[in-house]
Amino acid sequence: MTYQLICGAEIHVELKTKSKMFCGCKNDPFHAAKPNIYTCPVCLGMPGALPVPNKQAIEDCILIGLALGCKIAKVSKFDRKHYFYPDLPKGYQISQYDEPFCFEGLVKTSFGPVRITRVHMEEDTAKMHHETVDGKKVSLIDFNRSSVPLVEIVTEPDIKSPEQAKEFLKKVRDIIRTLGVADCDMEKGGMRLEANISLSRDLSAQAGGNLPNYKVEVKNINSFRFFANALTTEFARHSEILDRGEVPVQETRGYRSDTSTTVSQRVKEDAADYRYFPDPDIPPIVISNAWLTKIKSRLPELPTSKIEYLIALGVVESTAKIIVANQVMMEYLDQVKTLDPKMVSQAAKDLVNKKVDYQKLSPEEYLKTKSVSKITDKSILRPIIEKILSDNPIAVADYKAGKQNAFGFFVGAVIKATSGQADPKTVHNILTASLSI
Amino acid sequence: MTNNQITNQDVQHLAKLVSLPLTDDRLNKLVDQITTTFEYINTLQAIDTDSTQETNQVTGLENIMREDVVEESRMLSQNQALQNAKHTHNGYFLVPAILE
Amino acid sequence: MLLDLSLQKLLAGYRDNSIDPVEVIREAYHNIENHSQELNTLITVRDQAETLAYLKTLNKTLPLYGLPYVLKDSYATTELRTTSASKILDDYLSLYDATVHRKLKDAGAILIAKGNQDAWGHGASTENSDYGMGKNPWDPTRVVGGSSGGPAAAVITRMCAFAIGEDTGGSIRNPAAWNNISGLRVTYGRVSRYGCISYASSMDTVGPFAKSVEDLALVLSVIAGVDKYDATTSPKPVDDYLASLATSPVKLRIGIAPEMFADRLDSEIATNTKDFADKLASLGHELVDISLPVAKMSLATYYILAPSETSSNLGRYDGIRYGGTRALFTQESMRRIMMGSYELSSGYYDAYYRKALKIRTLLLQTFQDAFSKCDVILLPENPVMPPLLGDLIGDPLANMLADLYNTPVSLVGSPSLVIPSGFHKNGLPIGVQLVGPKFSESLLLALGHQYQQNTAWHTRSPQL
């Protein structure tokens with residue numbers, strides 16, 4: 001029995017705003033010298049504290065949505081998502097439920113498009129780790145990260161292979177980095193990945209087709225490579241279960257990088273009862289056309305369009321990708337284009353193949369070395385031209401009889417004989433004179 | 001619940017969701033009290049609100065946000081943050097291990 | 001007693017040195033020592049020496065210089081613990097001050113004690129307290145009212161010059177009437193909630209208790225205004241409330257809704273409210289009939305929204321960062337948390353929470369229609385006189401019904417002034433509610449002040 005992988009991704013991105021999502025605490029949990037030094041009554045969930053949303057974070061979230069091709073809501077709000085866990089100080093997370101800032105987007109990949117269901121804003125939880133203290137197993141909690149702005153990106157189950165997953169994730173990361181709103185450093189927890197995986201018997205189960213009745217959530221994925229591995233290992237695991245005529249258990253599993261497998265964490269009910277309701281402490285956010293235009297003006301040229309632009313100038317795609325990823329090379333090439341657009345493709349090749357030291361040579365200087373100085377000295381050219389004419393008497397006779405294109409033949413022959421160094425104008429003059437005799 | 005009775009099981013499930021430890025005595029009392037209250041509340045179902053919009057904010061305010069600046073004046077020192085906690089360790093809040 | 005004097009008179013006396021603020025504070029402590037323990041009025045009292053030392057540091061020209069006040073124990077204060085009358089927060093010392101407390105301090109007033117209440121705001125009697133049931137100074141076998149029972153009792157027994165309560169479903173208005181003092185539920189968003197332990201976030205209001213409307217106006221002028229730490233506060237400029245008292249309102253249309261005088265209203269209270277209306281008519285105002293068939297549906301709606309929001313707001317009390325275990329919640333509080341969770345749970349959200357939000361829209365329309373026909377709505381405050389201790393807390397339905405005339409106002413966010421309007425034949429005080437359109441505090445205060453200039457109910461205090 002052959003199966004089709006069906007996967008949706010959930011990506012959490014920590015924004016690099018100066019302050020947290022609902023209070024003025026410093027947003028720098030990874031570099032904090034000690035635990036619990038960037039907290040206040042709000043992000044510690046103290047009695048009587050109230051949230052006020054960070055405008056910059058909201059704009060950054062909308063910017064990400066725009067860059068991922070999303071529609072932007074006209075009216076949006078924050079909702080409370082309730083569950084109990086020591087890393088959640090209020091007993092609820094301020095998130096977005098049914099009116100997210102961004103929805104219905106699309107990211108193209110070479111394997112096909114991946115639709116973006118939504119991009120919304122929420123607050124991060126505190127960080128917990130486990131230790132043994134006085135012989136007892138305990139959890140230690142650090143609230144430096146509590147309430148840091150988090151953007152959640154959810155895709156439709158359009159990812160169909162590990163390769164597509166990698167390409168998609170890299171593309172999203174590159175886009176977000178270009179926007180300058182987040183570092184997406186997975187090692188620092190700046191970008192977190194979750195996969196929702198299932199298999200279908202139906203080979204034509206593309207996005208929008210019939211979905212199977214189960215879903216396995218995989219967490220603890222710390223790199224794009226591990227994401228792809230998780231898909232591979234889950235594909236194998238589900239296939240084996242389905243082959244036996246059973247259905248994989250609907251649950252949450254953790255990825256184990258040491259064994260490249262997943263282990264069961266807890267059984268996932270259909271939907272945990274988060275008891276969502278609109279947060280009464282935060283008035284709605286209305287995104288006017290004027291505000292949206294202002295946010296749109298922050299959209300820089302995104303990597304994809306830059307690559308297409310270079311391809312149009314004659315650069316090969318693989319070369320273009322390398323150039324675009326390198327700010328310095330890209331600027332160098334931009335200058336070459338301004339000076340001589342015909343040289344862009346050559347310059348791109350030379351840059352990538354390290355044939356030009358762009359740190360030392362300016363674009364102007366580079367172009368000078370490429371444009372060889374043409375031979376205009378008649379004393380050099382005349383003998384060459386005379387030899388070509390004497391070597392080709394029939395062509396000369398044709399020309400004199402009225403065949404004009406024989407002339408082009410002679411010019412070509414001279415250029416060839418001089419390895420392209422003869423100055424075409426001088427050649428033209430000498431030939432004209434010689435043939436008119 | 002609109003037409004059914006609220007059961008002991010319902011109350012136990014909810015108590016778990018909201019982390020309220022219930023003794024049997026409390027549980028039974030709660031079921032009775034909640035049932036009585038809901039009889040009163042359910043009278044609302046008779047009011048037609050099919051074409052009515054919801055109002056979750058009476059203020060009429062919109063777009064109340066803060067600028068992205070670090071505000072030292074409200075930030076607490078580590079000692080202050082931990083001051084009211086019963087269990088701490090090396091600058092962290094401490095709880096018995098959460099079993100996954 | 002010095003504390004019988006109005007705030008303006010006290011301040012004038014301080015400034016011309018005819019009254020010594022130390023004497024006033026000593027008098028307050030004297031009353032505390034004599035009555036607080038017996039009546040369970042206060043939870044934590046500030047050390048007298050500390051208070052007097054603090055007085056010395058204050059500038060005499062400050063608008064509320066030297067005046068001692070009681071805060072309901074749901075307000076975060078750095079000087080005294082904040083318990084919300086629950087053992088869960090028995091040893092909790094806030095690291096920050098509520099905005100209302102900071103503003104009062106900046107104005108020169110002095111926190112003297114934290115007042116008893118129904119824990120977490122859950123109640124209309126101050127019986128749901130882990131620090132003793134609050135007793136009514138007019139009759140200590142009866143409830144003091146709630147949930148801000150302590151602060152209200154503190155004002156009438158002269159344990160302070162004024163107090164700050166909190167009104168969600170009537171928690172300022174109810175004890176104001178049952179203690180014979182003036183209390184103001186402000187327009188939702190008029191005063192900052194930052195630092196006030198949330199009960200129902202969409203209906204919680206911060207407001208003053210005082211001996212008179214004149215005193216209320218002074219306190220309100222200090223505490224009202226937008227706060228960057230509370231996103232629900234209104235940026236509307238604050239009126240000059242004291243100035244608005246200077247001109248007596250003329251020919252206001254006072255709306256009276258026959259539906260509100262129907263079942264379950266004590267007949268003496270009904271008569272008293274009608275007498276109040278007649279008095280307003282004699283002062284030149286016009287009584288008009290309006291339609292407000294909202295009592296029952298408001299109560300049911302309130303008992304969806306309030307428990308839902310409180311079940312959410314109390315989620316933070318997990319004992320990890322502060323406070324004790326959730327097992328310490330009282331039966332009454334657990335009941336409200338459970339109800340709220342049920343109402344929000346998947347499958348029931350539409351029937352309950354969403355339904356309640358829609359009814360709120362209907363109520364807003366009804367009030368809007370009513371205010372097109374009148375300037376102020378007159379309502380009874382309590383449907384009954386204060387029950388005997390223990391009667392209300394054991395009966396959830398009776399407990400709910402105590403808020404019959406309060407919840408419609410709470411749901412729409414309108415302001416409501418409660419002032420003394422007379423006495424029951426059993427010797428206990430009665431109060432009425434004057435409700436206005438949003439941000440009409442000036443109008444309500446002016447009308448209330450006019451009534452108090454022509455009557456003397458509000459000058460009476462209990463024999464202790």
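**Exercises on a predicted model**

In this predicted model, helix α12(A) passes α13(A) in a right-handed crossing.

**Exercise 1.** Determine how helix α12 and helix α13 of chain A pack, and which residues meet.

*Solution.* Begin with the geometry. Helix α12 spans residues 405-417 of chain A and helix α13 spans residues 424-435; the two pack at an angle of about 130 degrees, with axes 10 Å apart. Next, identify the residues. From α12(A) come A:Phe407, A:Phe410, A:Val411 and A:Val414, which meet A:Pro424, A:Val427, A:His428 and A:Leu431 of α13(A). Finally, classify them: the contact comprises seven nonpolar residues, one polar residue and no charged residues.

**Exercise 2.** State the order of the strands in the open sheet formed by chains A and B, and locate its edges.

*Solution.* The sheet has four strands, in the order β8(A)-β9(A)-β2(B)-β1(B), with antiparallel pairing.

**Exercise 3.** Describe the side of chain B that touches chain C.

*Solution.* First, count the residues: 40 of chain B are in contact with 47 of chain C. Then assign elements: α1 (8-17), α2 (24-41) and β2 of chain B each give two or more residues to this side. Of these, α2(B) gives the most, with nine residues. Lastly, by class, the side of chain B has 21 nonpolar, 15 polar and four charged residues.

Conventions. Residues numbered from 1 in each chain as written. Chains lettered and ligands numbered in written order. Predicted model: local features only at pLDDT ≥ 70, side-chain atom pairs only at ≥ 80, totals over all residues. Pairing = 2+ DSSP bridges. Contact = placed C-beta atoms within 7 Å. Nonpolar A, V, L, I, M, F, W, Y, C, P; charged D, E, K, R; others polar. Axes fitted to C-alpha atoms, helices over the stretch in contact; angles between N-to-C directions. Left-handed = near helix turned anticlockwise from the far one by under 90°.
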